[in-house]
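Thanks for coming. I have one structure to show, so let me put it up.

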Amino acid sequence: MGTEDLARLAGERVDHRFKGLPPDADGLTVGELAAQRRNLFTGGFATPVLALSAERLEHNLALMETYAARHGLAFAPHGKTTMAPQLFRQQIERGAWGITLAVPHQVRVARAFGIQRVFLANEVVDTAALRWISAELDADPEFRLVCYVDSVRGVELMDAALQGAARPLDVVVEPAAGEGARTGVRTEAECAAVADAVAGTATLRLVGVAGYEGEVPQADPERVHAWLRRLVALAVDFDKAGRFAGLDEIVVSAGGSAWFDAVADEFAEIPELSAPVLKLLRSGAYVSHDDGHYRKLTPFNRVPEEGALEPAFRLWAQVVSRPTADQAFVNAGKRDAAYDLDLPFAQVVRRDGAERPATGISVTALSDQHAWLRTTPEADLEVGDWLGMGLSHPCTSFDKWQLLPVAEADGTVVDYIRTFF
């Protein structure tokens with residue numbers, strides 16, 4: 001991933017496209033604005049503005065790098081969480097094998113910024129997308145892409161679209177996480193049929209098995225471990241049947257952000273196969289973590305001796321109305337904050353440069369451009385105050401912002417993260 005790819009981002013001009021940034025920065029390049037090291041609170045930023053903590057971002061990147069290494073896992077963090085090539089680069093610089101993505105458009109973004117290894121966690125049956133992927137593979141011998149297959153019909157469609165390709169497309173069979181789960185082949189017999197269909201083509205190459213334990217119905221440690229053992233057993237059975245003959249490595253992949261400890265445990269038990277096993281973990285939400293969904297679900301709650309992720313997002317909004325003693329409104333809403341899993345969490349209030357806990361303040365609802373606040377008698381809140389809020393679910397937070405300031409603890413903005421959704 002060349003520095004020239006990312007230099008294009010630093011050369012982008014700041015203008016009306018990027019909400020929250022200082023109006024007087026219009027016309028500066030992103031790099032010029034970053035070099036000014038403005039303060040988030042006194043440097044002309046307009047509310048609402050979503051900021052990432054520089055220190056917590058660094059902490060989270062380092063923690064998952066060491067976690068994967070400690071457990072002998074390759075790491076392909078899920079890039080659909082952030083869709084931020086600058087963060088992709090930091091993840092790869094910290095030893096990531098590559099980047100996981102969900103749909104072909106996201107692969108196009110990754111390729112535009114020089115990503116050389118992609119795990120595409122979906123079956124792709126779109127002819128135009130498959131032909132583009134094939135052209136990328138044929139044009140660049142160093143580029144590798146692995147994607148799911150979960151049906152014989154899908155294999156047939158992929159094969160038809162890829163006729164004439166110089167390189168076969170690497171695929172992994174995806175077994176479903178259970179009845180009623182999202183995608184994936186429902187039975188081992190059907191998995192074998194899909195593998196047979198792949199073997200009958202010249203355009204596809206079976207390189208392993210993969211799935212997503214986060215879709216296990218009524219997931220608990222026992223059920224998740226049991227499904228992961230099924231995934232490993234499928235790889236072992238395929239290998240015994242000679243389905244991986246001639247490979248330099250066999251891919252076995254799983255791992256979202258809620259059960260990667262179970263993945264580490266079960267992947268540690270993978271027996272020796274006919275080729276070395278690439279044990280590929282795909283957790284993505286760890287980069288920013290959060291103050292809600294993943295704070296509750298993170299595996300580090302179960303293994304605190306291995307560390308702890310830190311929430312790196314804070315959404316700053318301003319009190320624009322205080323109509324009654326028990327109600328207030330700030331100028332951030334559904335356009336700015338994730339709300340699919342939890343409402344934002346009121347954390348701190350800033351007034352005249354001083355910051356204090358948001359005691360007695362809670363977010364009760366969101367409109368498009370307003371958050372509804374309930375305040376108790378101990379709440380000290382006035383029109384004009386800045387309210388700092390934590391968010392839940394990073395995947396639906398990043399996508400609302402095209403350019404996010406990265407701020408140090410004292411408010412100094414040291415970088416800007418560009419997203420592509």
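Predicted model: local features only at pLDDT ≥ 70, side-chain atom pairs only at ≥ 80, totals over all residues.

Residues are numbered from 1 along each chain as its sequence is written, and side-chain values use heavy atoms, with hydrogens and water left out.

Pockets to begin with. On a 1 Å grid over the protein atoms alone, a pocket is an open set of points with protein on both sides within 12 Å along at least five of seven lines, and a lining residue has an atom within 4 Å of a point. Volume here is the space filled by probe spheres set on the points, which are joined across faces, edges and corners.

The largest pocket has a volume of about 660 Å³. It is lined by 33 residues, and those closest to its centre are His 78, Lys 80, Arg 182, Tyr 212 and Gly 256. Strand S4 (117-123) and helix H11 (293-297) are the elements that give two or more residues to this lining; H11 has the largest share, four residues. Helices (H or I, at least four residues) and strands (E, at least two) are DSSP runs, numbered from the N terminus.

The second largest pocket holds about 370 Å³ of space. Of its 20 lining residues, Ser 53, Arg 314, Trp 316, Glu 408 and Ala 409 are the closest to the centre. At least two lining residues come from each of strand S1 (49-53), helix H3 (54-70), strand S10 (313-324) and strand S12 (345-351).

Now the cavity. A cavity is a set of grid points where a 1.4 Å probe fits but cannot get out. There are three cavities of 30 Å³ or more, and the largest cavity has about 40 Å³ of space. Its lining consists of Ser 257, Phe 260, Ser 283, Ala 285, Tyr 286, His 289, Tyr 294, Thr 298 and Leu 309.

Last, the helices. How are H5 and H6 oriented to each other? Helix H5 (residues 104-112) and helix H6 (residues 127-139) pack at about 25°, with axes 10 Å apart; axes are lines fitted to C-alpha atoms over the stretch in contact, and angles run from 0 to 180 degrees between N-to-C directions. H5 and H6 are therefore roughly parallel to each other, the term for angles under 35 degrees. In contact (heavy atoms within 4.5 Å), Pro 104, Val 107, Arg 108 and Arg 111 of H5 meet Ala 129, Trp 132 and Glu 136 of H6.

Notes: Parallel < 35°, antiparallel > 145°, perpendicular 65-115°, else oblique.
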